[in-house]
Amino acid sequence: MESESLRAQFSRIRRLYFPKWSAGKYWKVQNGNRRGGSALTGFCDTKRRIVFVSDRSDSLLIHEICHAVASSGHGIVWQRRMVAASVMALRLGNVRVANELRDEVAAYQNAILEVQRAKIASSSRP
Ligand SMILES: [Zn+2]
């Protein structure tokens with residue numbers, strides 16, 4: 001099988017997971033990362049309308065496009081869009097992508113919970 005170009009992957013993801021994202025046609029995808037960033041594997045540049053990805057997983061592209069269509073942070077707005085994409089992945093029969101998206105949302109929710117737990121624990125200390 002011929003390997004899919006990054007551009008073709010981007011338009012496939014856009015078509016399948018973000019069919020109502022009309023501004024998507026003005027967006028580009030590029031290989032790479034945020035300047036100076038090393039830990040990140042992707043970056044959504046909303047000013048220049050470019051999604052950067054450093055690996056070729058569908059989940060990473062979906063993660064970054066969710067920033068483009070929902071919110072730059074990993075809060076509830078972005079999480080909601082990720083959950084919708086996870087449901088779509090299930091409908092498409094792509095269980096692996098569905099689970100990856102779900103796990104990522106859960107990880108961000110756990111991080112928020114941990115911060116709140118630490119706050120409550122420190123405020124209730126005598
Ligand atoms: Zn992100």
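Colleague: Okay, where is Arg49 placed?

Modeller: Arg49 is in the loop between β2 (42–45) and β3 (50–53). Strands are DSSP runs of E with at least two residues, helices are runs of H or I with at least four, and both are numbered from the N terminus. One caution: this is a predicted model, where local features need pLDDT of at least 70, side-chain atom pairs count only at pLDDT 80 or more, and totals for chains, interfaces and linings use all residues. Residues are numbered from 1 along each chain as its sequence is written.

Colleague: What's the phi of Arg49?

Modeller: It's positive, about 55 degrees, although Arg49 is not a glycine.

Colleague: And how many other C-beta atoms lie within 10 Å of Arg49?

Modeller: There are 13, so Arg49 is partly exposed. With C-beta atoms placed from the backbone, 20 or more others within 10 Å means buried, 12 or fewer means exposed, and partly exposed is in between.

Colleague: Switching topic: in what order do the elements run?

Modeller: From the N terminus, α-β-β-β-α-α-α, which gives four helices and three strands.

Colleague: Which residues have the most contacts inside the largest nonpolar core?

Modeller: Val51, Leu61, Ile62, Ile65, Ala85 and Leu101, in a core of 21 residues. Such a core is a set of buried Ala, Val, Leu, Ile, Met, Phe, Trp, Tyr and Cys residues joined through C-beta atoms within 7 Å.

Colleague: Which element gives the most to this core?

Modeller: That's α2, with six residues.
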